[in-house]
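Hi,

Here is the structure I promised to pass on. Have a look first, and my notes on its rings follow below.

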Amino acid sequence: MVSMLANSYDQNAKLLNGTHKSHVHSPKEAEILASYKPTVNTTTLIANLKQIQGMTANALEYFKSTRHMILFYEDIIKNQTMLNDVQDFLKVPIMDLHSRQVKIHKAPLSLQVENWSDVEKALKGTPYESFLHADYKI
């Protein structure tokens, strides 16, 4: 959600020499984009998270009879053998894959969101409270 909010902001602000970029290839560009700290709408936060959860459940149900695997971006980054598992699943030759993209948001979520204390209050005691403690620094 933080990345989506920041990406949406940059579409208008175009922080990189008047150009909108969702992904960057230099630490300097990443630093410029990471300087923006979005404000999360806490009034709609729970409803938005429920909607995303519902969409995910619907997609999994829809494709339950289709051969698939579930993986998360963080899993691929933290576990290099996961890429081999994906390539094996796809039945393609195993290759040493690398991205030239540079991670934009490296700090803990609490330092990336302008109204973090409001987000904490909104999520405390909900099924989404664990998001407050998730380690997305990779």
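A charge counts as sitting over a ring if NZ of Lys or CZ of Arg is within 6 Å of the ring centre and within 35 degrees of the ring normal. Arginine 67 lies over the face of phenylalanine 89 in this way, at 3.9 Å from the ring centre.

Before the rest, a word on the basis: this is a predicted model, where local features need pLDDT of at least 70 and side-chain atom pairs count only at pLDDT 80 or more, while totals for chains, interfaces and linings use all residues. Residues are numbered from 1 along each chain as its sequence is written, and side-chain values use heavy atoms, with hydrogens and water left out.

Searching the whole structure gives three aromatic pairs (rings of Phe, Tyr and Trp, the last by its six-membered ring, with centres within 6.5 Å; planes under 30 degrees apart are stacked, over 60 edge-to-face, the rest tilted). One of them is stacked: tyrosine 9 with tyrosine 36, at 3.8 Å centre to centre and 5° between the planes. This pair links distant parts of the chain, 27 residues apart, with tyrosine 9 in helix α1 (residues 2–13) and tyrosine 36 in the loop between α2 (27–34) and α3 (45–62). Helices here are DSSP runs (H or I, at least four residues), numbered from the N terminus.

Tyrosine 128 and phenylalanine 131 make a tilted pair, 5.8 Å centre to centre with 50° between the planes. Tyrosine 128 is buried at 5% relative accessible area, whereas phenylalanine 131 is partly exposed at 36% (buried is under 20%, exposed over 50%, partly exposed in between; 1.4 Å probe, protein chains only).

Best wishes

Technical notes. Helix = DSSP H or I, 4+ residues; strand = E, 2+ residues; numbered from the N terminus.
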